[in-house]
Amino acid sequence: MPSTTAHEEKRALRAQIERLPPADYAPLLAQFLALPEVARAETVLLFRGVGREPDTRGVIAELLRRGKTVALPRCLPGRQMAAMRVFADTALVPSAFGIPEPGADCPVIPKDALDLILVPNLCCDAAGYRLGHGGGYYDRYLRDFTGETVALCPAELLRARLPREAFDVPVHLVLST
């Protein structure tokens, strides 16, 4: 019998997670806001959660209130992404994937100007590897990123070890309940 590939294992795990009840991210969002890395950061790349991901609107508003420069990702051709600066009144538009993202008129923040990235995921493992939606946008973006990276993962979604592929990039810190 042929062995399954990491890609196939990830696909099966995504399907399994989609059948679980939604997680409560409120404690993790509060933990994130209390991190010293967040206090030190001047510029933060967040995401707007969709589906099973946490609703990050409150975190975005709080970081803006604290005077942080906040960016959200914008999907680009070739499975690339850019960090686009947002403000409290920035209107977001749905991407091709239905994810709210800044318009092309928002200023681009160079990757090397980012201090911290909150990375979306469906689940994580103890080593900081995460399972995303499978597009590879964040793995490409994080490949040469030198700042801090954080993922939020409720305890019921934390795995001992996720299937990995050569291009997978772990985050520095996984917050879990």
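Which residues does Leu 64 touch, not counting residues up to four places away in sequence?

1. Basis of the note. This is a predicted model, in which local features need pLDDT of at least 70 and side-chain atom pairs count only at pLDDT 80 or more, while totals for chains, interfaces and linings use all residues. Residues are numbered from 1 along each chain as its sequence is written, and side-chain values use heavy atoms, with hydrogens and water left out.

2. Contacts of Leu 64. With contact meaning heavy atoms within 4.5 Å, Leu 64 touches Val 70, Val 86, Phe 87 and Ala 88. The C-alpha atoms of Leu 64 and Ala 88 lie 7.1 Å apart, although 24 residues separate the two in sequence.

3. Setting of Leu 64. Leu 64 belongs to helix H4, residues 57–65; helices are DSSP runs of H or I with at least four residues, strands are runs of E with at least two, and both are numbered from the N terminus. Leu 64 counts as partly exposed because its relative accessibility is 22% (buried is under 20% relative accessible area, exposed over 50%, partly exposed in between; 1.4 Å probe, protein chains only).

4. Cys 75 has Met 81 in E3 as its bridge partner. The E2–E3 hairpin has 3 residues between the strands, and Gly 78 takes a positive phi near 75° there.

5. Strand E6. E3 is also joined to strand E6 (residues 108–109) by 2 bridges, and these strands run antiparallel. The bridge partner of Ala 83 in E6 is Ile 109.

How values were computed:
Two strands pair if DSSP finds at least two bridges between them.
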